[in-house]
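Dear colleague,

My notes on what was found in it follow directly after.

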Amino acid sequence: MISDPLDSLIEQKVRDSFAHQSFMTLLNARMETLALGHAQISVTIDERVQQQQGFAHGGLIFSLADSAAGYAALTMLPLDMEVMTAELKINYLAAAKGTLTATGRVLKPGKRLIVVAADVWAELDGTCKHIAAVQGTMVPVKT
């Protein structure tokens with residue numbers, strides 16, 4: 001459940017990891033909310049991350065979803081573990097402008113594989129639109 005409490009040490013580990021992820025920093029992405037098995041990341045679409053028609057580039061959408069899903073998985077692992085993406089599949093549902101928010105969640109935790117999902121929404125002028133759906137697999141790794 002999204003309201004499940006998150007251990008403060010795990011939360012700090014996840015937020016520190018996000019702060020050290022240079023690609024998310026480059027995008028000016030923000031870690032919004034964290035809960036056990038859930039992570040939410042947002043970014044404002046600006047001219048640096050648009051495709052030729054002025055919409056959010058698909059690579060931006062994919063990267064945001066990947067990070068949200070990965071950090072959702074990381075909330076469920078012990079302090080001495082990290083996570084890496086093994087595979088992701090994305091469905092782009094609509095073009096996007098405004099602010100993107102990716103919400104990642106764990107569908108099935110495991111010792112060797114963690115099945116994850118993420119939804120990406122775009123908000124512009126008070127209107128939200130579902131723009132992408134992702135499902136994939138994360139692999140826990142020792143630090």
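K13 is found in helix α1, where helices (H or I, at least four residues) and strands (E, at least two) are DSSP runs, numbered from the N terminus. This is a predicted model, in which local features need pLDDT of at least 70 and side-chain atom pairs count only at pLDDT 80 or more, while totals for chains, interfaces and linings use all residues. Residues are numbered from 1 along each chain as its sequence is written, and side-chain values use heavy atoms, with hydrogens and water left out.

With a relative accessible area of 12%, K13 is buried; the term buried means under 20% relative accessible area, exposed means over 50%, and partly exposed lies in between (1.4 Å probe, protein chains only). K13 and L74 are 61 residues apart in sequence, and their C-alpha atoms are 8.9 Å apart in space.

The structure holds 1 aromatic pair. The rings of F18 and Y71 have their centres 5.8 Å apart and their planes at 75°, so the pair is edge-to-face. By the criterion used, rings of Phe, Tyr and Trp (its six-membered ring) pair if their centres lie within 6.5 Å; planes under 30 degrees apart count as stacked, over 60 as edge-to-face and the rest as tilted. F18 counts as buried because its relative accessibility is 9%, and Y71 counts as buried at 6%.

M31, in strand β1, is 40 residues from Y71 in sequence and 9.6 Å from Y71 in space, C-alpha to C-alpha. M31 counts as buried at 12% relative accessibility.

Helix α3 has 17 residues and reaches 24 Å from its first C-alpha to its last, close to the 24 Å expected at 1.5 Å a residue; the expected span is 1.5 Å times one less than the number of residues. Of the 17 residues of α3, 13 are buried, and the helix is thus mostly covered.

How much volume does the largest pocket have? The value is about 170 Å³. On a 1 Å grid over the protein atoms alone, a cavity is a set of points where a 1.4 Å probe fits but cannot get out, and a pocket is an open set with protein on both sides within 12 Å along at least five of seven lines; lining residues have an atom within 4 Å of a point. Among the lining residues of the largest pocket are S17, Q21, D66, Y71, L74, E82 and M138. Both α3 (58-74) and β3 (81-92) supply at least two residues of this lining, and the largest share, 5 residues, comes from α3. The lining divides into 5 nonpolar, 5 polar and 2 charged residues.

Strands and loops

In strand β3 lies N91, which is partly exposed with a relative accessible area of 37%. The C-alpha atoms of N91 and A133 are separated by 5.2 Å, although the two residues are 42 residues apart along the chain. A39 lies in strand β2 (residues 38-44) and is buried, with a relative accessible area of 1%. A39 and D16 are 23 residues apart in sequence and 14 Å apart in space, C-alpha to C-alpha.

Which residues other than glycine have a positive phi? N28 has phi near 60°, and D125 has phi near 55°. N28 is found in the loop between α2 (22-26) and β1 (30-35), and N28 is partly exposed with a relative accessible area of 47%. D125 is found in the loop between β5 (114-124) and β6 (127-142), and D125 is exposed at 76%.

A charge over a ring

Finally, the charged end of K97 sits over the ring of F55, 5.1 Å from the ring centre. The criterion here is that NZ of Lys or CZ of Arg is within 6 Å of the ring centre and within 35 degrees of the ring normal.

With kind regards

Terms used:
Points joined across faces, edges and corners; volume = space filled by probe spheres on them. Nonpolar A, V, L, I, M, F, W, Y, C, P; charged D, E, K, R; others polar.
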